[in-house]
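Dear colleague,

I am passing on the structure we spoke about, and below it you will find my notes on what I found. Please read them with the coordinates open.

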Amino acid sequence: MGRVAPEENYLQDLNNRFQEAEVLDDSQVPIIDFSGDPKYIVDAIAWACQEWGFFQAINHGVPIASMKNVLKLAKEIFNQTSEENEAYNSLGNKLSDDPSEAYRYGSGFNNRKDEKAIDLKYFLRLDYSLARQEDIWPESPSCFREVMKKYHDQVSAFGHCLLDNISKGLGLENSYDLKVMGEKIICIMNYYLPYHTPELVKGLSAHSDPRAISILIQDDVGGLEVCKHGQWFAVKPVKDAFVVNIADQLQIITNAKYKSAEHRVRAHPEKSRLSVVAFFGPGLDTVVGPLPEMVSEKNPPLYRECVIKDYLTQFYAKGLDGKRSLDYVKLDHGAKV
Ligand SMILES: O=C(O)CCC(=O)C(=O)O
Ligand SMILES: [Fe+2]
């Protein structure tokens, strides 16, 4: 893991730097206990989705051993030589230019080299829809298929439990099947490099996720931050918890009732950091727009309808830029959400 980055590509503009002073550290990000009363869970999720678009989930039902195995596997992968990791990109010629489709190992955000300050991280992206295709999954490290398939089934079940609870909170059970929002899953393992003066670089630039909902395992290093009403908050690692965040497609279908959370990652001065995220979203041909149940005369649609494939294409073409991806579908009167 001891790779050294060419410094000048990673340094941020003076006025773009993550300032330590602007982050609140007192843990206010909601924590939801999934072993609680079902009504409490529905209400707590609904509140967190409206206020924060972000929460941590404990007692979520996914075996802790499985989460640990995934982090251990990620550690093993990023400990391999870069040649070994580049080899993922030639697997069955699965690498394409469409980042939503590929197995891909790379660095920065989607291997972009044209950014002013490149994100200081490596990643391995997997299309989790391929989880059932034995011959396509990587075979190394040797436990890869077993660990990732098991985790696929477990995190999918939790993702669908979340969507079910969100559907209840929105009162959509009888009119719209929110399962659509979890039809396609992409999994990304992130490995962040340490940097002696973290304020000069970016671990991961501020962005909102382009799909519907993201479920993340982070190790105990910390550095993830979420923005609420213009204020940044540290998302401190909570033992055995998932970090859950609402992404753009849920903001769109709820006509901005639920917030797609803007977040970023700060580099650590000494330690590397690992995270593994499962991104749940609609299939690529799905057309998404505000649901009729979520709009009214007083609350007109803020977004136009859009095919997911097109939304993702503009997201990857544009690079990470706060919540600006939503501008792509915003209608004129769509104001500031
Ligand atoms: O590593 C993290 O904590 C956040 C990762 C993330 O936001 C992403 O991959 O979209
Ligand atoms: Fe993200």
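Helices and strands are named here as DSSP runs numbered from the N terminus, a helix having at least four residues and a strand at least two. Please keep in mind throughout that this is a predicted model.

In that numbering, Asn59 falls in the loop between strand S3 (54–58) and helix H2 (64–79). Asn59 has a positive phi of about 50 degrees although it is not a glycine, and with a relative accessible area of 46% it is partly exposed. His229, in the loop between strand S9 (224–228) and strand S10 (231–234), likewise is not a glycine and has a positive phi, of about 45 degrees; His229 is exposed, its relative accessible area being 71%. A further backbone feature is the cis peptide bond that joins Ser140 and Pro141, with omega at about -5 degrees, and Pro141 belongs to the loop between strand S5 (121–127) and helix H4 (144–170). For context, most residues other than glycine have a negative phi, and most peptide bonds are trans.

Turning to the metal site, which residues are the protein donors of the iron ion (ligand 2)? They are His207 through NE2, Asp209 through OD and His263 through NE2, lying 2.1 to 2.2 Å from the ion, and along the chain the donors follow the spacing H-x1-D-x53-H. Because His207 lies in strand S7 (residues 204–207) and His263 in strand S12 (residues 262–265), the pair ties together parts that are 56 residues apart in sequence. Both His207 and His263 are buried.

Polar contacts to oxygen atoms of ligand 1 include one from a side-chain atom of His207 at 3.1 Å, one from an N or O atom in the side chain of Asp209 at 3.2 Å, and one from an N or O atom in the side chain of Arg273 at 2.8 Å. The protein covers 95% of the 300 Å² of accessible area that ligand 1 has on its own, and ligand 1 sits in the largest cavity.

With best wishes

How values were computed: Residues numbered from 1 in each chain as written. Chains lettered and ligands numbered in written order. Predicted model: local features only at pLDDT ≥ 70, side-chain atom pairs only at ≥ 80, totals over all residues. Heavy atoms only, no water. Donors = N, O, S within 2.8 Å, 3.2 Å for Na, K, Ca; no water. Buried < 20%, exposed > 50% of the residue type's maximum accessible area, 1.4 Å probe, protein only. Polar contact = N/O pair within 3.5 Å; in protein donor to acceptor, adjacent residues only side chain to side chain. Areas by Shrake-Rupley, 256 points an atom, 1.4 Å probe, with all protein chains shown as cover. 1 Å grid on protein atoms, 1.4 Å probe; cavity = no way out; pocket = protein on both sides within 12 Å on 5 of 7 lines; lining within 4 Å. Sits in = over half its atoms within 2 Å of the grid points.
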